[in-house]
Amino acid sequence: MKKNIVVNEQFCPQNHHCPSMNRCPVGAIVQKNSYSAPEIDYSKCTGCGICTRTCMVFQCTNC
Ligand code: SF4
């Protein structure tokens, strides 16, 4: 089953460039600007789970 990844904004300070964008192998993490929480482009996300291991903002709902 593909992992379903969600963004839990309460763990994001929303005051910096999201470093997880560079860690996603398919570029599925996007951020409108440095003061917004990251978002996941589900048309790209493969559910690999890498982001859930690098930042607590990203959480898996079916792992
Ligand atoms: S689960 Fe993998 S593909 Fe999806 S946003 Fe996280 S790192 Fe990117």
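The model is predicted, so local features need pLDDT of at least 70 and side-chain atom pairs count only at pLDDT 80 or more, while totals for chains, interfaces and linings use all residues. Residue numbers start from 1 along each chain as its sequence is written. The protein has one helix and four strands.

**Fold and dimensions**
- Along the sequence, the elements run β-β-β-α-β.
- Helices (H or I, at least four residues) and strands (E, at least two) are DSSP runs, numbered from the N terminus.
- The C-alpha atoms fill a box of roughly 35 × 20 × 15 Å along the principal axes.
- The radius of gyration is 11 Å, which agrees with the value near 11 Å for a compact globule of 63 residues.
- That radius is taken over C-alpha atoms, and the globule rule is 2.2 Å times the number of residues to the power 0.38.

**Contacts and core**
- Among contacts between residues at least 6 apart in sequence, 55% join residues at least 24 apart.
- A contact here means C-beta atoms, placed from the backbone, within 7 Å.
- Of the 63 residues, 14% count as buried.
- Buried means 20 or more other C-beta atoms within 10 Å of the residue's own, exposed means 12 or fewer, and partly exposed lies in between, with C-beta atoms placed from the backbone.
- The largest nonpolar core has eight residues: Ile5, Cys18, Cys24, Ala28, Ile29, Cys51, Val57 and Phe58.
- Such a core is a set of buried Ala, Val, Leu, Ile, Met, Phe, Trp, Tyr and Cys residues joined through C-beta atoms within 7 Å.
- Beyond its neighbours within four places in sequence, Ala28 contacts Ile40, Asp41, Lys44 and Cys45.

**Ligand shell**
- The ligand is surrounded by 14 residues, the closest being Cys24, Cys45, Cys48, Ile50 and Cys51.
- The shell has 11 nonpolar, three polar and no charged residues.
- Ala, Val, Leu, Ile, Met, Phe, Trp, Tyr, Cys and Pro count as nonpolar, Asp, Glu, Lys and Arg as charged, and the others, Gly among them, as polar.

- Val30 sits in strand 2 (residues 29-30).
- Val30 is partly exposed because 14 C-beta neighbours lie inside 10 Å.
- Outside four places in sequence, Val30 contacts Pro38, Glu39 and Asp41.
- Gln10 lies in the loop between strand 1 (5-7) and strand 2.
- Gln10 is exposed, with 8 other C-beta atoms within 10 Å.
- Gln10 and Thr54 are 44 residues apart in sequence and 16 Å apart in space, C-alpha to C-alpha.

Key. Two residues are in contact if their C-beta atoms, placed from the backbone, lie within 7 Å. A residue is near a molecule or strand if its C-beta atom, placed from the backbone, lies within 6 Å of it.
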